[in-house]
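The sequence and structure are shown first.

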Amino acid sequence: MLKGHRAGVDVAALDAAKDLRDKTDTDSVDFLHFVIGLDKEPGIEIPDADIAKFTTWNGCVRYLVPKAGKT
């Protein structure tokens with residue numbers, strides 16, 4: 001389960017290539033909290049300039065996986 005995900009969102013059913021905000025009906029503040037949560041859990045620093053890379057689930061994976069082994 002994704003910590004902090006919006007109630008009623010079936011994370012497993014999300015299309016990994018589609019915009020997360022559109023598919024989860026998430027506003028910009030909630031989306032920022034989502035990215036901050038991703039930042040805190042594995043201890044990977046995410047600069048503000050990189051937040052746009054998290055618009056899709058695939059983008060999250062592409063960004064976080066290479067950095068996961070470096071923490």
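L38 is located in helix α2, where helices (H or I, at least four residues) and strands (E, at least two) are DSSP runs, numbered from the N terminus. With a relative accessible area of 14%, L38 is buried; buried means under 20% relative accessible area, exposed over 50%, and partly exposed in between (1.4 Å probe, protein chains only). Leaving aside neighbours within four places in sequence, L38 is in contact with I46, F54, C60 and L64, contact being defined as heavy atoms within 4.5 Å. L38 and L64 are separated by 26 residues in sequence, and their C-alpha atoms are 8.6 Å apart in space.

## Basis and confidence of the model

This is a predicted model, in which local features need pLDDT of at least 70 and side-chain atom pairs count only at pLDDT 80 or more, whereas totals for chains, interfaces and linings use all residues. Residues are numbered from 1 along each chain as its sequence is written, and side-chain values use heavy atoms, with hydrogens and water left out.

The pLDDT, the predictor's confidence in each residue from 0 to 100, averages 79 over the protein, and 83% of the residues score at least 70. Among the elements, the lowest mean pLDDT, 81, belongs to helix α2 (residues 28–40), and the highest, 88, to helix α3 (residues 57–68). Over residues 1–6 the pLDDT is below 50; this stretch has nine contacts in the model beyond near neighbours in sequence.

## Overall architecture

The protein contains three helices and zero strands, and its elements run α-α-α from the N terminus on. Of its 71 residues, 28% count as buried. Where residues at least 6 apart in sequence are in contact, 39% of those contacts join residues at least 24 apart.

The protein exposes about 5000 Å², of which carbon and sulfur atoms supply 53%; accessible areas come from the Shrake-Rupley method with a 1.4 Å probe, and for residues only the protein chains shown count as cover.

In α2, the residues F31, F34, V35 and L38 are buried. They cover an arc of only 90 degrees around the axis, which puts them on the same side of α2; the arc is that of the directions from the helix axis to the C-beta atoms. An α-helix has 3.6 residues a turn, so residues three or four places apart point the same way. The cover over the buried residues of α2 includes α1 and α3.

For α3, the twelve residues should span 16 Å at 1.5 Å a residue, in agreement with the 16 Å between its end C-alpha atoms. Its buried residues are G59, C60, Y63 and L64. Viewed down the axis of α3, these fall within an arc of 100 degrees, so they line one face of the helix. The face turned away from this buried side carries the exposed residues R62 and V65. Among what covers the buried residues of α3 are α1 (20–24) and α2.

## The nonpolar core

A nonpolar core is a set of buried Ala, Val, Leu, Ile, Met, Phe, Trp, Tyr and Cys residues joined through side-chain atoms within 4.5 Å. The largest has 13 residues, of which F31, F34, V35, L38, I46, F54 and L64 touch the most other members. Two or more residues come from each of α2 and α3, and α2 gives the most, with four residues.

Not counting residues up to four places away in sequence, F54 touches L20, F31, V35, L38, I46, C60, Y63 and L64.

## Loop residues

T56 belongs to the loop between α2 and α3 and counts as buried at 14% relative accessibility. Beyond residues up to four places away in sequence, T56 touches A16, A17, K18, D19, L20 and R62. The loop between α2 and α3 also holds D48, which is exposed with a relative accessible area of 68%. D48 and V35 are 13 residues apart in sequence and 9.8 Å apart in space, C-alpha to C-alpha.

D25 lies in the loop between α1 and α2 and counts as exposed at 61% relative accessibility. Although D25 is not a glycine, it has a positive phi of about 50 degrees.

Note on methods: The expected span of a helix is 1.5 Å times one less than its number of residues.
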